[in-house]
Amino acid sequence: MTATQERPADAVEKEIGRDRRRKEDQRLITGRTRWTDNITLPGMLHLAMVRSPFAHAKIVSIDTSAAKQSTNVVDVLTGADLGESLGVNINAWPITPDQVTPNHSPMPSDRVAFAGEIVAVVVARTAAEARDAAELVDVEYDELPAALDLKRSAADEVLAHPDLGTNKSAYWVFDSGEAGTGGSVEDAIAKARTDGIVLEREYRQQRLIPAFMEPRSTVVDPTGEQITMWSATQIPHILRFALAATTGVPESKIRVIAPDVGGGFGGKLQTTPEEWITWAVARRLGKPAKYTETRSESLMAGHHGRDQWQRLTLAAEKDGTVTGFKVDLLADLGAYVSLVGGGVPVLGAFMFNSIYKFPAYRFAVQTVLTNKTWTDAYRGAGRPEATYAIERMMDELAAEVGVDPLEIREKNWIKHEEFPFTTVAGLEYDSGNYEAATARAKEMLGYDELRAEQRRRRESGDPVQLGIGVSTFTEMCGLAPSRVLGQLDYGAGGWEHASVRMLATGKVEVVTGTSAHGQGHETAFSQIVADRLGVAFEDVEVLHGDTQVAPKGMDTYGSRSLVVGGEAMVRAADKVIEKAKPIAAHLLEASVDDLEFSGGRFSVRGTDQGMAIGEVALATFAAHNLPDGVEASLDSDATFDPVAFNFPHGTHLCAMEVDTETGALKMRKYVCCDDIGNIINPLIVSGQVHGGLVQGIAQALWEEAVYDDSGTLVSGSFVDYLLPTAADTISFEIDHTTSPCTTNTLGTKGVGEAGTIASTPAVVNAVVDAVRHLGINDIQMPCTPERVWRAINGAGAGGSTEGAAMPHFESGGATGNQEQPGTSSTEGAGS
Amino acid sequence: MTRISLTVDGARVSDDVEPRMLLVQYLRERLGKTGTVIGCDTSNCGACTVHLNGTSVKSCNVLAVQADGAEVTTIEGLATDGQLHPVQEAFRECHGLQCGFCTPGMIMQSVDLLNDNPKPTEEEIRLGLEGNLCRCTGYHNIVRAVQHASGQGVTS
Amino acid sequence: MIPAAFDYVAPASVEDALAALAEHGDDAKIIAGGQSLLPVLRMRLNAPEMIIDLGRIESLRGVRDDGDAIVIGAMTPHAVVGSDPLVAEHASLITKAVEHLADAQIRHRGTFGGALAHADPAGDLGAPALVLGAEFVIQGAGGTRRVAADDFFVDLFETAIGEDEILTEVRIPKHTGWGAHYEKFVRVAHQWPIVAVAATVRVDGGAIAEARVGLTNMGSTPLRARGVEEALVGQPATEDAVRAAAARSTEGTNPPSDLNGDADYRRHLATVVTRRAVLAAAGG
């Protein structure tokens, strides 16, 4: 038991900035993983859900008698059986005081509001037997008209929840004229109509599905003093709070564990009916219970993302100087107002002005209830939608003025010497350099050469046309200053918590309230703490994802873990040093004022005397010789609440080839230069950027949750919800400029969502750019070959996607299962 | 119930199974080989990829009874004597994984790919992995990892 | 994700398999490679009471030379077919079609006969088998019969194989020296083709002497584009000549409309993809 954490002074290489290989990987590459579905407890029961095949229907009756007789079935329960023990699924962000919010029972007993909603749960000794019995539950439905189309639902043609009297949930406005952060957008538009340019466009943000690779799974063990829930979640702390708040179990009796979690992208930022039902069943039966969804269930009932119509009006002077931007959104909430709910479009409200110096701005969103799967955060959450809108509009403005799209942006963007800059949306951008990132990206792409090739292809009438797309994005991330969240009526704060514990054996345990699900926190946080305390990277152990280990936290989303959670860790580590200082001074028989701390070592100024922090930790553990009145612990906590968001930015350039004969698209090259402030681990950053890019590109080109006329999700399996593969994507070139963030110690900005936010408009701009000379100014996402081909052939931007799937799986003798994707059976479940 | 006997990661095992039990369920639920995971129900995602008699298959698309008499290798049997397989090592070295859920299947398929074609081009790597979905990495570093494992230069 | 319960036999001979089929009738389902059947069972879109596995019948595997034809055993995995030198030499269209069929794992497990018997109109083997004039050898209690490719594909997921019969092998007349190409149009790599075209041509003295062109997913069965074939004969393998012939690829088609494209778009695609396939097959 020796304290050997001190790093030799001559070998001290800063951990921050190193491309450390990840600590997480050893177990992940050898299969020694702890996914929720791996957990097996003695006597554990398995659940199968009976789901509604109808988008909207009254539940007339549920006959569970045959299912109850099925082999090894323990019970079959409905909403009526479980009653109040079910709790409710809450909305944490009522965006207006008068928001219309339907009650959301995890398992309604009277009426279903989307296809896939759970009406009964089968509990059996094995998962197979639970599924067998679920087939036998006989539900009689009385089908109701369903509110499906977003625009028609906004007009209240058919009501998603008849008792509410309207589908309109909330109308939320930000107006720079009213807020005093800018002028009146109506005045700007009126003026531009007489002597400037007014561009009016309507863009569709199609519905997407987060499609994390690990299906959601929940295990509840009610047998101890604390009821333990393991769940594939991004938010163990919020989950614990919500369970306590809605099911009557004291928070102190609840332990939530997020073990290894296989991706989230916002899709696991939710408190789900499945978690609540598993909780209620385990408590009722007093036995451990597990529910793991199938992929089809995940696609059908896990929350979706995006799904907006954007009506945009941009006013500019004739030279392309923007004078005002007006945004009217319709946002589809789906059947219920989810945890973040209408807060998703509100998170975009401050970003439509992006990097530009617009003098007037107005944003309004109407959130709308429909009989579709509920929507919530999906990577970027509000900011991809905003970035898409403004970056598409800036390309349209460039085309209107007749200049290069980069030139129109430069005319309007904030110059690097103008930071800090308060935008028309009222946010203060602390740092950035759009000129530098853009110059680097142009160089990486070979911008001028590709423009020359584009001209050649146009002139020769080449069947393959080339387009170059630009996206100079910024985003606000690091959710979030609690005061701002309070002003926006969010139900919680945005602080983060960390503890640093100095162990007697020389190891350092770092506890974080963030909850990683693939980001590499264990590695990056180890680097931060190793540098701060001057200990070895290998000696730092990062603990998270268990409310008994990490009791305080606000979890992981919104690119917050490093910039909020990392800062909490820095502050906790600094407190450790402050606590160690008097003990070190005492042991060194020196004055505290004469001590300095560097490279993990306290030394007495002007002497060669000193001791490592690990030695102080050991002495503190022994506590044989501490100064009077000093506690025998160096362990420290910190809770950090950011004063501001941070604002990563970057320039993304995409070159796309368009086969004008078929509409097929081929990405030729994609480069980006992002400014995310100081970088902790460039390898991890590269992974975040690559993965983010492909998700954003996938929105542009492939993904869409499509419903048919009866409200059945047609793209209900990976056969029809098209995730790209390695064979569909290319290698990327990425680089960085660095404008350190000024509102946190490490100078870092979030990177988790940047690639996704930036890439979608870059790709669509490239596609439109390739065919603009053919009279095209828009192609609706996803830019399918068919839509591109139709646009080329004069049929416009492309309407809705045909609601039918290819029937590859022959369905002879279908047995009426609730899991099956893409079928629009009108039979009741279990028929 | 049907009696099956097979070799999994070098160990002889024998069990009575229901004919409907999938190989992936047998591996996970009976043998505790939870390194192999289930990511979809249509055989698109490849997360459950294992080697069956030396070639890659999706273990959700094989019945356990069909593996009677076979030799199965999972991600848990890839390292030998505590030494990581070069493809495992390459995935770590090149940051070819994030959440790690697709990783067992991705590694097993990459091993198969390199068995067939020890020096693949980038395009051959990308096509060879078309049966495996990843949502985190954007595939960029997975491709690098396979290049690295093949002993070829890694581009950018 | 868990199939409904079923009984299972894995007979060692075709005769035993036929006996099992006779015994269980409608309640039984044959499993070959299972790569399309198992997803159906997992999603409980079908729930047979008995699964008869052909996987233990060794005689159904392999490729052999039989004079003017090559013979592919029904249970030969795609990966074996795709790397077989006899197939490459005498029916290279099959080699090309198998190369990008599904994905590597499925090619290891899925079988040539199983895929054809499944008769998915978007399957990659139907059109090549059709245009190569394959003969399907089908065994029943009364012996074997041969069915011409033109008569084999009956409808969506329906073939000439009787309920009490088993497809044992497929005979492909040799097309030695013919150029071949299988051109597939997809949005993402792991998709079934939206449209695909199988083309094989014999070029003689710079002109197309014989041509066979088949369409995937342009109707409820694979289709032969006879109009294109006729128009190609005697033409030089040039862009213009082939373009004119390819315009006839929509004749007699009845393509579906779905998430990936409406019927009219598929018809248009067929003309472009046909041109590209034929030109590639002709080496142009």
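The model is a predicted one, and every value below is computed from it.

Chain A comes out of the domain assignment in four pieces. Domain 1 covers 9–34 + 501–637 and domain 2 covers 45–144 + 212–264 + 268–301. Domain 3 is put together from 145–202 + 305–413, while domain 4 takes 430–478 + 647–799. For domain 2 of chain A and domain 3 of chain A, the C-alpha centres are 35 Å apart. The contact between these two draws 23 residues from domain 2 of chain A and 29 residues from domain 3 of chain A. On the domain 2 side, the tally is 13 nonpolar and ten polar residues, with no charged ones.

Chain B splits into domain 1 (2–77) and domain 2 (86–149). Their C-alpha centres sit 21 Å from each other, and the contact uses 15 residues of domain 1 of chain B and eleven residues of domain 2 of chain B. On the domain 1 side, β3 (49–52) and β4 (55–58) of chain B each put in at least two residues. As for chain C, the division is into domain 1 (7–51), domain 2 (61–173) and domain 3 (179–281). A distance of 35 Å separates the C-alpha centres of domain 1 of chain C and domain 3 of chain C.

Next come the contacts between chains. Where chain B meets chain A, 46 residues of chain B and 44 residues of chain A take part. On the chain B side, α2 (86–93), α3 (103–116), α4 (122–128) and α5 (140–149) each supply at least two residues.

Inside chain A, one helix pair is worth a look. Helix α12 (residues 383–401) and helix α13 (residues 405–412) of chain A pack with their axes 8 Å apart, at an angle of about 105°. Angles from 65 to 115 degrees count as roughly perpendicular, so α12(A) and α13(A) are roughly perpendicular to each other. From α12(A), the residues involved are Met394(A), Asp395(A), Leu397(A), Ala398(A) and Val401(A). Facing them in α13(A) are Pro405(A), Glu407(A), Ile408(A) and Arg409(A). This contact is made of six nonpolar and three charged residues, with no polar ones.

In soluble globular proteins, nonpolar side chains tend to be buried together. The largest nonpolar core here has 419 residues, and those with the most contacts inside it are Val121(A), Val122(A), Val529(A), Val767(A) and Val278(C). Helix α18 (residues 561–588) of chain A is the top contributor to this core, with 13 residues. Leaving aside residues up to four places away in sequence, Val529(A) touches Val500(A), Val508(A), Val510(A), Val540(A), Met569(A) and Ala573(A).

Finally, a few backbone details in chain A. The peptide bond joining Phe419(A) and Pro420(A) is cis, with omega about -10°; Pro420(A) lies in the loop between α13 and β16 (421–422) of chain A. A cis peptide bond also runs from Leu479(A) to Ala480(A), with omega near -10°. Ala480(A) belongs to the loop between β18 (464–474) and α16 (482–487) of chain A. Arg306(A), a residue other than glycine, has a positive phi near 60°, and its place is in strand β13 (residues 305–316) of chain A. Arg306(A) counts as buried because it has 28 C-beta neighbours inside 10 Å. Asp555(A) is likewise not a glycine and has a positive phi, near 75°. Asp555(A) is in the loop between β21 (540–543) and α18 of chain A, and counts as buried because 28 C-beta neighbours lie inside 10 Å.

Terms used. Residues are numbered from 1 along each chain as its sequence is written. Chains are lettered from A and ligands numbered from 1 in the order in which they are written. This is a predicted model: local features need pLDDT of at least 70, side-chain atom pairs count only at pLDDT 80 or more; totals for chains, interfaces and linings use all residues. Domain bounds come from an automatic or database domain assignment. Two residues are in contact if their C-beta atoms, placed from the backbone, lie within 7 Å. Ala, Val, Leu, Ile, Met, Phe, Trp, Tyr, Cys and Pro count as nonpolar, Asp, Glu, Lys and Arg as charged, and the others, Gly among them, as polar. Axes are lines fitted to C-alpha atoms, for helices over the stretch in contact, and angles run from 0 to 180 degrees between N-to-C directions. Helices (H or I, at least four residues) and strands (E, at least two) are DSSP runs, numbered from the N terminus. Angles under 35 degrees count as roughly parallel, over 145 as roughly antiparallel, 65 to 115 as roughly perpendicular and the rest as oblique. A nonpolar core is a set of buried Ala, Val, Leu, Ile, Met, Phe, Trp, Tyr and Cys residues joined through C-beta atoms within 7 Å. A residue is buried if 20 or more other C-beta atoms lie within 10 Å of its own, exposed if 12 or fewer, and partly exposed in between; C-beta atoms are placed from the backbone.
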